[in-house]
Amino acid sequence: MQCFSFIKTMMFFFNLLIFLCGIALLAVGIWVSVDGTSFLKIFGPLSSTAMQFVNVGYFLIAAGVVLFALGFLGCYGAHTESKCALMTFFLILLIIFIAEVAGAVVALVYTTMAEHYLTLLVVPAIKKDYGSQKDFTQVWNSTMEGLKCCGFTNYTDFEDSPYYKENNETFPPYCCNLSANNTAKEQCTDTKAFNNNVQGCFRQLLYDIKTNAVAVGAVAAGIGGLELAAMIVSLYVYCNIK
């Protein structure tokens, strides 16, 4: 009985932490959606890299809602010994865990396919908005500066973009390994960009992930372990409620 009470109390406080994290993510997500520029200034290249592939604001809001709901169900279920709340908590965690495993498998097996579909989405956006949309351009500049890369696939992504047309058919300085401050002195022409052959940001991001595979794997394993532990504890409390 004492063991059950201890586990129930620990489950309550653990989910209270999740609940508070959910509120924090919701707040940050709303902040990013309303004022993405200040978010980029504070968090720098890492945040800008993420913003190439997902809408960070909406992603954080969605994650915040899920954590908020999970935390509430866990706290409520543990405190009131509600079987309905505990089972809902378990099922949501199970769905998230299965989705994460499936996503990891797809990411590992279908990386080339993912690159193809992302190319179809991102490259046209670069050609349309880079140089004309301030926030979009700033995101890409931060990404290229932080990852030391050029475009999504390579420098040709910027051909026919507003920047390309307005700067005498030249490319961003990052495509020639030039400092952004040197654009007035030296321009990144087609020949220079071709000779420098700077890696595209998608490939560079994949390389960085593979280089830090141990750390990425450890974080993923830690998250998975926490989810499994939470599911086991919720089932234990569920089965011991009279």
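These notebook entries record what I looked up in the structure.

**Basis.** I worked from a predicted model, in which local features need pLDDT of at least 70, side-chain atom pairs count only at pLDDT 80 or more, and totals for chains, interfaces and linings use all residues. Residues are numbered from 1 along each chain as its sequence is written, and side-chain values use heavy atoms, with hydrogens and water left out.

**Salt bridges.** I searched the whole structure and found two salt bridges (a side-chain nitrogen of Lys or Arg within 4 Å of a carboxyl oxygen of Asp or Glu). Lys 8 and Glu 81 form one of them, at 2.8 Å from N to O. This pair links distant parts of the chain, 73 residues apart: Lys 8 is in helix α1 (residues 2–34), and Glu 81 is in the loop between α4 and α5 (83–109). Helices are DSSP runs of H or I with at least four residues, numbered from the N terminus. I also noted Lys 128 with Asp 129, whose closest N and O atoms are 3.3 Å apart.

**Exposure of the partners.** I used relative accessible area (1.4 Å probe, protein chains only): buried is under 20%, exposed over 50%, and partly exposed in between. Asp 129 counts as buried because its value is 15%, whereas Lys 128 is exposed at 60%. Glu 81 is partly exposed at 30%.

**Thr 137.** I located Thr 137 in helix α7 (residues 134–147). Thr 137 is buried, at 13%. Its side chain reaches the backbone oxygen of Gln 133 at 2.8 Å. Leaving aside neighbours within four places in sequence, I list Asp 129 and Tyr 130 among the contacts of Thr 137 (heavy atoms within 4.5 Å).

Notes:
Helices (H or I, at least four residues) and strands (E, at least two) are DSSP runs, numbered from the N terminus. A polar contact is a pair of N or O atoms within 3.5 Å; within protein, one must be able to donate a hydrogen and the other to accept it, and residues adjacent in sequence count only if both atoms are side-chain atoms.
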